[in-house]
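Open your viewer and switch to a cartoon view. Let's take a short walk through this protein, one selection at a time.

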Amino acid sequence: MSAAASVLQNGNPAETHGNFDLVKRFKVDFADIHVSKWKSRESGLSVVHLDYDAPLVNGYFVVGTEIFDDSGCPHTLEHLVFMGSKKYPYKGIIDHFANRGFSNGTNAWTDTDHTAYTVSTAGEQGFLQLLPIYVDHILYPTLTKAGFITEVHHINGKGEDSGVVYSEMQGRENTSGDLMVLRMQRLLNPPGSAYRSETGGLMEALRVLTVEQIRKYHGTYYVPHNLTLIVTGKLASGTTSLLDVVQKEVEPSIVEHKQNRGPKPEGWKRPFVETASAQRNPIPETVKETVEFPEKDESVGELQIGFLGPPPTAFLERKALDILGLYLTSSPVAPLNKEYVEIENPLCTYIYFSEDTRAKRVDLPVYIGSVPTEHLDTFDEKFKASLKRIADEGVDMDRMAMVINRDERQLRSKIESSQGDTFSGNVITDFLYGSEDGSDLAPSMDEINYYAQLKKWSSTQWADLLRKYYVDPPSVVVRGRPSGEMADRLDREEKARVAAQKERLGPKGLAACEKALEDAKKEHEKEIPPEILKSFPVPDVKSIVWIPVQSVQEKHGRDGRAPTVQGDNSQLAKHIEQDGTPLPFFVQYDHVKSDFVTVHAYFSLAKLPDRLRPLMSTYLSSFFSLPVKRSNGERLNHEEVVHKLDSDTVSYEVALGVNSTFTETVRVSIKVETSLYDSAIGWLKDLVYGSEFDKERLQVTVAKIAQSLPEMKRDGDTVLGSVSAELLYAESSTSRMGGVVPQMEFIPKLAQQLQESPPEVVKDLEEIRSYLTDPTGVRISVNGDILSLKEPRSAWARHFGKALPESELASLRLAVDTLSPVGKNPVKRAVVVSLPTIESAFATHTAKAVQGWSHPEYPAMRVAIEVLNATESYLWRYIRGSGLAYGAHCGLDLEAGFVSFTLYRSSNSIEAFKQAASVIKGLTDGSIALDETVLDAAKSSIVFGVAKSVSTPGRAALMSFINQGLKGVPQNHNIDLLEKFQKITKDDVLAVLKKYFLPLFDSSSSVAVVVTAPGKADEVSEELSKVGFEVEQKTLQVEVDEDGEYSDSDSSGSESDGGR
C-alpha cells in the first residue's frame, strides 16, 4: 500500500481541514480505492472516506457500545434514535428525508460491541443533505417516554406485552441459535465482561427497563469521540465536500452541546479495549454444556464449539485461519464434509468455521447444524479427533493452493461489484480495536498481499496453525438439544404470566395501560409540517450515472437470425459477427467492463411431468457433486468434478429461476476469469448432459435433505412460504413442490425407493434431464467482458452445436400458468398453522392483481406500494409503530398476478391485519390524508431501488438479459419506467389502492395464511372466521413410529366454532 501525506511532521499533522487533522491516507494496492481517515481536534469525531467511482454512496455511522447487563440498552437505543432529534422532533422524520433523497430509508444494527446506523443514496446530493440531520439524531435524540412505550415495550389493554423491540426479541430469544450463542458468551468470558451480555435485551429485562436507563446509557456512549462516520463512494468534489459538511453543520452543534472536549476527554475509557472486557484469558479447560430449545421434533440438535484466536490486528494469521476453515469445509470434497456430511447417514448437514472480532483475541466459533440427537454428546470428541488426524496426516497442498486461488478470485470479483464497500467492515473493526494512530487500517485491507504470503506456506505451517488454535487448546462446547417438553412449558408459562399480569393490574390497571399506549401513539401522530419536508430538496434523476451495457441477441426460429443492433451496440455486434456463423439457438451477450465472464443457461420445466417435480430439489442439490463423463470421453468421479470446478471458476450455482422469478426454469450459472470462457461453456455442457446419477451420491444428497428438513420446519417464514404455495399453486408448480411441506412427505419415500429400487430413481432423473434439454426451451445468457473474448460465438457452436439443433423457441412458462383453483380465484380460504418453535406470528394475505411486466397500471401500483411500505410511512407507523409487528409490507407479484400483505414476527397478527385494513380504507375514503410530500418521497425511493438493481457491472448486465431475454421488454425498461413513475398522481395511487389493495382485507376477495404459536392458533382461527374466512387448522410436526420410521402428521380439520 502506498502511503502518502500520512506522517506527522515534527508532531504536527501533515494536512488539516478546518477542525479535522488527517490521520492516515493511502490507496488500496489492488483496486482504485483511496482511503483517508480524519479526526477532529475539537470534538474527537472521526471521519473515514473510501473514495471510488460508483452510482451509490453508502454511510455507516458507528458508535462503540459496551454494556454490562442484559437490559438491551444498546438495541433499544438503536430503535429510539429514529424517533426524532432535538432539531427535528418528529418521529421518523429522518426516513422521510432519506426517502426524498434517493434512498430507501435508513437502517441500523446492534452487534455485541457496536451499533451502526446506515443509509445508501443514489448519487451524493441526498447523502450530503442527510448526513448532518442523521448525526443530530444519533447524538441528540429526543428519547421520549412515548417513544419508549411503542418502540420498546408496553402492556396493552388485554394485559399482553408488546412493542417493536419486544416483538423482535420474542421472535428470537428462545430460538436454538440465540440460546446457544448467549450460553457460549457466558462461558467464554469472565464475569465483569461486556462480551457476556445479550445486547438485544432479554424479554424479562425489557419488561422492567425504563427510558431513564436508556438516556443515561446514551449520555455515556453516544459522544463525538466515540463516533466514526464511514462514507464509501464518489463525492463530486472528493473528501473535501464531506469534511465541509461535517465542519459547517455538525461540529457547531457539538460545540453548542459543550461536547467539544477533544479526542480523549479526562476519564474516558475506550470501550472493550481499556475496560474489564479486555480481560480475555485463554480457556483454562474444556467446558461442555447442554442448552435445551423448544421443538416438538426431537430428532436433530445443533452444536457450537468455541475457540480463542489471535489478536484482532494479526491480519495474516486471521486470513490463514479463514482459508483453513474453507479448506476444511468449503465443498463436498473438503476433508470434514467428506467425513461428516457426504455420507449415507450424515452426522450433521454443515460445519462452518466463523470468526468474531474481539479485544485482545478474536473468537473462533464453529457452528455445526442438524446433528442427530443420539450423536450430540459425543460429536465434539470425534470432531477434535478428526482435526488432530488432519493435522498429523498433513494438508493436501494441491487443494490448499486451489482454495487460496479461488478465495482470491472471489475477493477480486467482490471488489469489482462492491468496490470500497467491501472494506466497510474492516473500517468498523479498526475503529473498535485498531491503533488510534491509524497504523492498522491499511494492513487490515491488504488482503491480496496476504494471499501472496500464504501461497508460500508449507504443509507444516498449515498443520501447526490447525494445532495451535483448534487441536491443542481447550474449548467451550455448547450443545443445543430440542425439547418438546420445553415447547409446552414455555407456552404454559407465558399464558400463566400474562394471566397473572392481568390479575395484578386489574381492570383499572389495564385501562391505564391502554390509555398510556393510546396517548403515546397520539404523540407520535403529530404531523410533520410539509414545509419542513419540502426544505429537503429532491435531487435530480439526471445526476445519476448509469453503467453502460452493450447487448446483442442471437435470435433463431421465427424471428430470423440477425442479431438486434440497437444504437450503441454496434461494436459488440461487429465483434460477434466476425466469429463464425450465427448460432441456431438463443444466446444473448451483455457486455460490461469486467475481469470476469459469466455463462448462464436457462432450461424450461414447462413440459416436465408433474410427478417428477418433487424430485427437482434432489436433482438440483446433487447437480455439482455427481460423477461426470466429459465430452472428450474422460470420466471424472464426483471428487474430481468438485476439485476441477473449484480450480477453474470464481463461482457456480444452480437454482430455479433468477431473483425469485421465472422459477419454472432451471438456471445454471458459471463465473470465470475471461481466459477460461471456453472451459466454462464446456463445464456447462458436461454438467447438464454428462452427469451420472450414481446411487451412492444420490443417497448422500437425499440423507442431507432429510436431515435439514426439521431445521427448516422450525422457521416461521419458511413454513409460511411453503403453506402459501400449497394454497395458491397447483402440483404443476415446481417451486411449490420443492417447499418444506411437500418435501417432508416426499423425501422419506424417495430414500426408501433408493434403497429398494435405485434404477427407478435413476430412470426418473434421466427423464428430468431429457425434458430439461429439449432445445425449444433453452436460453443462454453471457455477461461480462465479451469484447475481450476471442471466440464469443464459435465456442458455443463447438460445445453445443450438436446438442441444440435449430428449433423454434417456446414461450416461457410463468408462475401464473401454475395456479391452483384457489390461486385463480383467491377468496374465502384461510389456513392457520401451529408451529411450536415460534412465539410470534408470520402471516400473508393474498388477492388478485395486475399480471405482466408491461401492464399499464403497474407504475401506479409500484408507487402505491412504496407509499405504503416506505420506512416511517403508513404501514410502518400504524403497525410497527404500535408495536404490533417487527415488519409489515405489501408486495406485488407481476409474474403470478398477486398483491399481498405480509407480517413478519408479529406479536398480534389479527390486530395488525385490522390496522392495515383501517389504513387503506382511511386513505381511500379520505379520512387519512395522502400528502404530496409522501408521493415525492415514494418516487425518490423508487429511484434508489432502480439504481441499486443496476449498481454494479454484473447487476447491470444481468438486468439487461432479464428484461430482454426473459420479460420481453426493452433493455432499459427499469430506467424508462422512472419517467412513468414521476407522472403518477395522487388520484392514480388512490384508484389502485381502492381497486387492488382494499380487496386484500376482505374475505370475499382474498385468502390468508397464518403461522403462529400453538397457544394462539385457536384465537387467530376464531377471529378470521368472524370476518368471513373458512378456516383450516394445521399442525406441523414429525413423530417417530414404534418401529423408528418417520410418519408425517399434518393433521388438519375445518374450523367452524370458534414479527429493524
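The tour goes from domains to a sheet and then to a helix, all in a predicted model.

**Stop 1: the domains.** Start by colouring the domains given by the domain assignment: domain 1 (34–273 + 521–535), domain 2 (276–482), domain 3 (584–815) and domain 4 (825–1035). Now pick domain 1 and domain 3: their C-alpha centres are 43 Å apart.

**Stop 2: an open sheet.** Next, select β14, β15, β16, β17 and β18. These 5 strands make an open sheet with mixed pairing, and their order is β14-β18-β15-β17-β16. At the edges you will find β14 (287–294) and β16 (350–353), each pairing on one side only. Going from one strand to the next, the twist averages 15°.

Zoom in on β14 and β18 (residues 476–483), which run parallel and are joined by 8 bridges. To see one of the pairs, show E289, whose bridge partner in β18 is V478.

**Stop 3: a helix with two faces.** Finally, select helix α28 (residues 758–772). Its 15 residues reach 21 Å from first C-alpha to last, close to the 21 Å expected at 1.5 Å a residue. Which residues of α28 are buried? Show P758, V761, D764, L765, I768, R769 and L772. Look down the axis of α28: these buried residues fall within an arc of 145°, so they line one face of the helix. On the face turned away from the buried side, look for the exposed residues P759 and K763.

Key:
Residues are numbered from 1 along each chain as its sequence is written. This is a predicted model: local features need pLDDT of at least 70, side-chain atom pairs count only at pLDDT 80 or more; totals for chains, interfaces and linings use all residues. Side-chain values use heavy atoms; hydrogens and water are left out. Domain bounds come from an automatic or database domain assignment. Two strands pair if DSSP finds at least two bridges between them. Helices (H or I, at least four residues) and strands (E, at least two) are DSSP runs, numbered from the N terminus. Axes are lines fitted to C-alpha atoms, for helices over the stretch in contact, and angles run from 0 to 180 degrees between N-to-C directions. The expected span of a helix is 1.5 Å times one less than its number of residues. Buried means under 20% relative accessible area, exposed over 50%, partly exposed in between (1.4 Å probe, protein chains only). The arc is that of the directions from the helix axis to the C-beta atoms.
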